[in-house]
Amino acid sequence: AVRDDNRLGKDFRRLNDKVVAAGGRRLILRQLRHSAINHALDCGATMEGVKSATAHASDRTLQIYVRRSAKRAAKVQQLRGII
């Protein structure tokens with residue numbers, strides 16, 4: 001696992017260098033993870049599916065990355081039969 005993490009870090013640094021060289025803003029890996037989680041949920045992924053894909057142990061940990069969305073909240077309430 002450590003070897004994979006090191007490789008990901010090197011690949012991410014190379015990508016970041018290319019983005020900056022092209023005139024873009026430096027990327028932050030945590031922000032990309034946050035965006036990916038929210039896009040998955042906006043596209044209809046379940047919280048369990050996202051939790052499994054991101055290897056989070058609990059919903060509480062995953063909630064750190066999830067932005068509050070009125071649209072998503074309404075969808076969840078509809079699925080639960082509340083509205």
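**Lys 51 and Glu 48.** I looked up this pair and found that their side chains meet in a salt bridge, 3.4 Å from N to O; the term needs a side-chain nitrogen of Lys or Arg within 4 Å of a carboxyl oxygen of Asp or Glu. Lys 51 and Glu 48 are 3 residues apart in helix α3 (residues 47-54), so about one helical turn separates them. I noted helices as DSSP runs of H or I with at least four residues, strands as runs of E with at least two, both numbered from the N terminus. Lys 51 counts as buried, at 15% relative accessibility. My cut-offs are under 20% relative accessible area for buried, over 50% for exposed, and partly exposed in between, with a 1.4 Å probe and protein chains only.

**Source of the numbers.** The model is predicted, and local features need pLDDT of at least 70, side-chain atom pairs count only at pLDDT 80 or more, while totals for chains, interfaces and linings use all residues. Residues are numbered from 1 along each chain as its sequence is written, and side-chain values use heavy atoms, with hydrogens and water left out.

**Other salt bridges.** I searched the whole structure and got 3 salt bridges. One of them joins the side chains of Arg 14 and Asp 11, at 2.7 Å from N to O. Both residues lie in helix α1, 3 residues apart, about one turn of the helix. Asp 11 is partly exposed at 34% relative accessible area. Arg 26 also forms a salt bridge, with Asp 17, and the closest N and O atoms there are 3.9 Å apart. I have Arg 26 as partly exposed at 47% and Asp 17 as partly exposed at 46%.

**Asn 16.** I placed Asn 16 in helix α1 (residues 2-21). Asn 16 counts as buried, at 6% relative accessibility. Leaving aside neighbours within four places in sequence, I found Asn 16 in contact (heavy atoms within 4.5 Å) with Arg 26 and Leu 27.

**Whole chain.** I counted 5 helices and 0 strands, in the order α-α-α-α-α from the N terminus. Of the 83 residues, 17% count as buried. Among contacts with a separation of 6 or more, 31% come from residues 24 or more positions apart. The chain exposes about 6,800 Å², with 56% supplied by carbon and sulfur atoms; the areas come from the Shrake-Rupley method with a 1.4 Å probe, and for residues only the protein chains shown count as cover.

**Nonpolar core.** The largest nonpolar core has 6 residues: Ile 37, Leu 41, Val 50, Leu 62, Tyr 65 and Val 66. By nonpolar core I mean buried Ala, Val, Leu, Ile, Met, Phe, Trp, Tyr and Cys residues joined through side-chain atoms within 4.5 Å. Not counting residues up to four places away in sequence, Ile 37 touches Val 50, Thr 54, His 56, Leu 62, Tyr 65 and Val 66.

**Arg 33.** I found Arg 33 in helix α2 (residues 29-42), partly exposed at 33% relative accessibility. With residues up to four places away in sequence not counted, Arg 33 touches Thr 54, His 56 and Tyr 65. Arg 33 and Tyr 65 are 32 residues apart in sequence and 7.8 Å apart in space, C-alpha to C-alpha.
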